[in-house]
Each structure stands twice: as C-alpha cells, then as structure tokens.
Amino acid sequence: MAVTLGGANLNDQVYEELRARVLTRQHAAGAKLSLHGLAAELGVSRSPVHHALTRLVSEGLLTVKGRHGYYVTPVTAEALAEGYDVRLALELHAAERTVGRLEAAELQALQSLLEATVAAISHEQWDSANAAFHEYQIDLTENALLSRFYRELSVNQMMLVIRGGHVEGHANLVTEHRRIVEAFEAGKLDYARCAIRDHIETGKRIALDAIERAGGTL
C-alpha cells in the first residue's frame, strides 16, 4: 500500500497510519511488526516508527515481547471484561465526586456533548463524540491523573478494533447517555450510578458478543 508521509508532524502521521492499520486489523492479531520493515515501507527513518510503536504499546494495541519485537495485541473476552470493570470503577468514582456539585455551565456542556452523540451520522463522528462525552464526565473531577489514566484505558481502543467501523445499537446507547445526563442534572447520585452501570454493561455485552462471534479473539 502506497503511503505518502512528510512534514512537520511526521511522528503523528506515522502514529496515525500504524494505529489505523492495527484498529482495522490490516495487521492481524498476534502479527509481528518490524520497526525496520515499517520504516522502509513508509519511507521514513526508524525514529518516528519507534515513537509510534511505543505509543501503541502504551494504548494496549501492541505488546512488546522481550527482545523479540512488537506484536499486535489480541483482543480477548477476559481482557475486555477486565477493562470494562476498570472503566466502570473510574466512571462511578467520577460521579461520586461530581454529581450534585456541578455548575450550570458544566451541565450545559455535558448536554451539548450528549447532543453531539445524537447527531453523529458516521462511525468517525460517533467515536469522537462518544469519547468526548465520557472523557468530560471524568474531567469534571478536575483530577488530571484520573483523566489521563481514563484516556489510556486499553478497553476503549479494543472497542474500536471490535467494531471495525460499525456502530451497534446507536439509538440505545444514546438513550443511555441521556439517562446519565438527566441524573447529573437532577443531582441524584444513585440514579447516576444505575445509569452508568447499565451503560457500561451494554458496552461490555456488545463487545463480548462480537468476540464470541469471532471465535474468542480478534
């Protein structure tokens, strides 16, 4: 595949190219990625490729095996279940820190992010809007470490692999987003906890069903 790269943001360009390949499984689960081979293929030095591979490792999309190199991380049911459990814990913690304590402008921002998920008409728009909606819930805690950890959760990247460009159950997911916003607006923590748990469970079910259809791994 011909790829044209160059310019001031070469590191980012190489990262986006390799990330897209992994997410769409152009490099299959378990495949070894050669730093030297990729650099030659892309027509760049090894430095931006190494930078990109390191970022993909931090996101859980690649795995380093000793001195043997980089491998595409398989998405398994066990990894998904564990990832969703961690995501649930973080979102519940954020709700406990913020529900009933938000300013009108913050609630309006959350509502606007909800409407962006409603309006999403492509999987790219959905990915962006959905991520922004959930990340804002975490950002409301004003805990930079928590926000960074949430963004780096590998389960979020796993879902992009599983969906492969398709959004399953969009209307139901939007309804669940609306329930979360309503709970925040009402300042009802118990309602928020319930809405968040239901939403995370929906995502987990969609993911595990996809893994089962794929034979246990992707």
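Leaving aside neighbours within four places in sequence, which residues is Leu114 in contact with?

The model is predicted: local features need pLDDT of at least 70, side-chain atom pairs count only at pLDDT 80 or more, and totals for chains, interfaces and linings use all residues. Residues are numbered from 1 along each chain as its sequence is written, and side-chain values use heavy atoms, with hydrogens and water left out.

View 1. Leaving aside neighbours within four places in sequence, Leu114 is in contact (heavy atoms within 4.5 Å) with Phe133, Val174, His177, Arg178 and Val181. Helices (H or I, at least four residues) and strands (E, at least two) are DSSP runs, numbered from the N terminus. Leu114 has 0% relative accessibility and therefore counts as buried; buried means under 20% relative accessible area, exposed over 50%, and partly exposed in between (1.4 Å probe, protein chains only). The C-alpha atoms of Leu114 and Tyr136, 22 residues apart along the chain, are separated by 11 Å.

**View 2. Helices α5 and α9.** The axes of α5 (residues 104–119) and α9 (residues 170–186) come within 10 Å and cross at roughly 175°. Axes are lines fitted to C-alpha atoms, for helices over the stretch in contact, and angles run from 0 to 180 degrees between N-to-C directions. The two helices are therefore roughly antiparallel to each other, a term for angles over 145 degrees. From α5, Leu107, Leu110, Gln111, Leu114, Glu115, Thr117 and Val118 meet His170, Val174, His177, Arg178, Val181, Phe184 and Glu185 of α9. By class, this contact has seven nonpolar, four polar and three charged residues. Ala, Val, Leu, Ile, Met, Phe, Trp, Tyr, Cys and Pro count as nonpolar, Asp, Glu, Lys and Arg as charged, and the others, Gly among them, as polar.

**View 3. The largest nonpolar core.** A nonpolar core is a set of buried Ala, Val, Leu, Ile, Met, Phe, Trp, Tyr and Cys residues joined through side-chain atoms within 4.5 Å. Among the 56 residues of this core, Leu18, Val49, Leu53, Leu62, Leu80, Ile162 and Phe184 touch the most other members. Helix α10 (residues 189–213) supplies the largest share, eight residues. Not counting residues up to four places away in sequence, Leu80 touches Val75, Val155, Met158, Ile162, Ala207, Leu208 and Ile211.

**View 4. Glu142 in the loop between α6 (123–139) and α7 (144–151).** Glu142, a residue other than glycine, has a positive phi near 60°. Glu142 is exposed, with a relative accessible area of 71%.

Note on methods: Parallel < 35°, antiparallel > 145°, perpendicular 65-115°, else oblique.
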